[in-house]
Amino acid sequence: MKAYDFKTIEEKWQKVWEETGAHRTSDAREGPKYYCLDMFPYPSGSWLHVGHWRGYVISDVWSRYKKLQGFNVLHPMGWDSFGLPAENDAIKKGIHPRENTTRNIINMKRQLKQIGAMYDWDREINTSSPEYYRWTQWIFLQMYKKGLAYRKMVPINWCPRCKTGLANEEVIDGRCERCGEPVTKKEMLQWMLRITDYADQLLEGLERVDWPEKIKTMQINWIGRSQGADVTFQAISPTGEQFPLKVFTTRPDTLFGATYLVLAPEHPLVPKLTANRQQGEVDSYIERTKHLSEVERMSEVSQKTGVFLGSYAVNPVNGEKLPIWISDYVLLSYGTGAIMCVPAHDERDFEFAKQFNLPIVEVIESPESKRGESGELLEAYIGEGVMINSGRFNGLSSQKGRGEVVKWLAGKSLAEETVRYKLRDWVFSRQRYWGEPIVSPHCKDRPFDPDAVKKWLPVDMYIGGVEHAILHLLYARFFTKVLYDLNFIDFDEPFLRLFNQGMVCRNGAKMSKSKGNVVSPDELVEKYGTDTVRMYELFIGPPEQDAEWSDRGIEGIHRFLNRVWKLVTSNLHRSVQPSETLLRQRHLLVKNVTEGIESFKLNTTISRFMEFINSAYTLEKGHLDSQTIDVFLILLSPFAPHMAEELWQQRGHQGSIFEAQWPKYDEALTKPQEITLVVQVNGKVRAKLQVDADIDRQEAKRLALEAPNVKAHLAGRSPQKVIVVPRRLVNIVV
Ligand code: ANZ
């Protein structure tokens, strides 16, 4: 028997897999198709650390498991290689991003291969290669033809020093993340994609996919559908001119409680409605707002600020004149960019009214309102209730009143029901160099092979980090829906099932280069082998949760694999029948591993393997029959593919273990075995009990003493002695 020489074994099998094209997917292979996709990595130059490994190991276990179940599995890999991180990395190294990207890909590919995952490298794609992006351009053109891509002047975050537009995420406290220069807003002509046309479809489709609820909720909130009404006020300028002024509100039932209006500082009516004496203050407020990001403007913690314009608007429900203000908490890009303010029933308006001493008028009554000693409102009451101070609508419930008020105003063309979305059209232009060039096209061939698309898509299982919950996953769904509407594909949701792995942490923080807490897999692979590292990645915690990395824990997994190696190699050709107990344990293991993988409980599944091996050593004294070994190896193979493949061969099988079939189990054999326990009182049989075979002495004694007939014969006397013969008899002496 040879020791477990993981180095030789792993090198050997990676070579064999490569040479035989074991991971190449053939369209012609039998079995239903299964498409398992990883979120593609960015080849940005940092090495893969053990945190990156985790997701790839999870998806590989899943793909190999599906293959063993008889599916024809497609598991490709590619590179998401355009974008700011790739450009910044190239700038840092002083070389062209294309050259840098090519180098990074070579490195990362070598590292990915170290995992021993079954990627079909023949289908590798690279988003920055012309062969790839000519087709993203082609899709863009189709969208343009359908009116879904258009150009518009929009204000973007602009860093005057770096001379580039910045994403909201790159603006920190109003300054450029990289150079610290204050960020301004700049109007620029941008390419936009009309994702808002798809808002309802993007919501509806979420009901049809098997995704974590958390991610669905995040997308629902991001799309942010609000049902409400546009209501028209009459604004009167300081010179007496009148302008219709539309506000968007989700609470038309509170119209009688409006005590002022607020416009976004950028609202086009602001110049017309500003009184001369207010001009200076208004101008400086507008200038100040330019330096704030939307995130900062919507922040709940910052104090409300604003300026009175010096003009008024007439409330259509009661003819009252309300002062018009501007404030940064109203965004131009949402609704109509103007709001009516009801401080009694809106938190932000309440805060603003307190700050500037504006009147607060209650129009919704509820016992839940929080009041001070003299009955005044202590905070806005935002819930439902009964309408008061609302003229003809008094006494109606707020829910019912909402519709009635709109109906009444609609009759005078002063209101209409509307649905608004938080979702904005997507600014698709990039000001930087390393990004998809926007079209100059001569597409001769096709973007994709319709037969292949029909066979493989949609993706059955998509695996990646939770940080992509919104943008990437929403855009991908949008593109899919557009292609569906253009009749290029016949499905409209790209990812049927989604799995998000948790992050790997060290010293309590997410593992990352910038935190200086990364662990490289290289030395671990060198010391323990890939299979050990793979299994340890899975063992550190439930896959969907964040987990703390410890270098020490890996020893335990390595010891386990050594025990497996020893046990199997010392039983390679033993012609024995399994004991009844072992047979049952084997069936139970098949059940547990199958269910464990199905429910992604990969860490506890590994514990099941360990228990099985322990009891094989103790109960069976290290003797295993061939069939049990084969079943065990197949179950283990998605986790430790190199070792399983090697031992499978040593058992004398022809061909790869991954051509084998996932074992089945007999449900009856997984149930705890029952035996008949005979209970005697003073030598006479008084009861026969059906109990679990592995019942312990304590429990056997308790059950025996509780049996009704036994109790009757004891007649209240306490036994002098209770003798338990395991699995057979309990003898009670009184
Ligand atoms: C009056 C009112 C009274 C409101 C009340 C709420 C409660 P969601 O649910 O997020 O869609 N609003 C409208 N446009 C806005 C903008 N551009 N910037 C900031 N706030 C805006 O919220 C809709 C509500 O947010 C609208 O309903 C409006 O305030 C405000 F008791 O109108 B409401």
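## Close-up views of a predicted model

**View 1. Glu 266 is partly exposed, at 37% relative accessibility.** In these legends, buried stands for under 20% relative accessible area, exposed for over 50%, and partly exposed for anything in between (1.4 Å probe, protein chains only). The model is predicted, so local features need pLDDT of at least 70 and side-chain atom pairs count only at pLDDT 80 or more, while totals for chains, interfaces and linings use all residues. Residues are numbered from 1 along each chain as its sequence is written, and side-chain values use heavy atoms, leaving out hydrogens and water. The partner to look for is Arg 297, which makes a salt bridge with Glu 266 at 2.7 Å between the closest N and O atoms. The two come from distant parts of the chain, 31 residues apart: Arg 297 belongs to helix α10 (residues 294–298), and Glu 266 to the loop between β12 (260–263) and α8 (270–273). Helices (H or I, at least four residues) and strands (E, at least two) are DSSP runs, numbered from the N terminus. Arg 297 itself is buried, at 8% relative accessibility.

**View 2. Arg 371 and Glu 362 meet through their side chains in a salt bridge, 2.9 Å from N to O.** The term asks for a side-chain nitrogen of Lys or Arg within 4 Å of a carboxyl oxygen of Asp or Glu, and by this rule the count is 44. Here Glu 362 is buried at 18% relative accessibility, whereas Arg 371 is partly exposed at 35%.

View 3. Arg 608 is partly exposed at 28%, and so is Glu 611 at 44%. While you are here, have a look at Phe 600 in the loop between α18 (580–598) and α19. Phe 600 is not a glycine, yet its phi is positive, at about 60 degrees, and the residue is buried at 4% relative accessibility.

**View 4. Four strands make an open antiparallel sheet in the order β6-β5-β9-β19.** Its edges are β6 (164–166) and β19 (426–427), each pairing on one side only. Pairing requires at least two bridges found by DSSP between two strands; β9 (residues 184–193) and β19 have two. To find your bearings, look for Met 192, which stands opposite Val 427 in β19.

**View 5. Glu 674, Asp 692, Asp 694 and Asp 696 gather in a negative surface patch.** Such a patch joins like charges within 9 Å, taken from residues with over 30% relative accessible area and no salt bridge. Asp 694 lies in the loop between β26 (684–692) and α23 (697–706) and is exposed, with a relative accessible area of 63%.

View 6. The peptide bond from Leu 457 to Pro 458 is cis, with omega near 0 degrees; Pro 458 lies in the loop between α13 (450–456) and β20 (459–465). Ser 413, in the loop between α12 (398–410) and β18 (415–421), has a positive phi near 55 degrees. Ser 413 is exposed, at 63% relative accessibility.

Notes: Patches are made of residues with over 30% relative accessible area and no salt bridge: like charges are joined within 9 Å, nonpolar side chains (Val, Leu, Ile, Met, Phe, Trp, Tyr) within 5 Å. Accessible areas come from the Shrake-Rupley method with a 1.4 Å probe; for residues, only the protein chains shown count as cover. Lys and Arg count as positive and Asp and Glu as negative; His and the chain ends are not counted. The place of a charge is taken as NZ of Lys, CZ of Arg, CG of Asp or CD of Glu.
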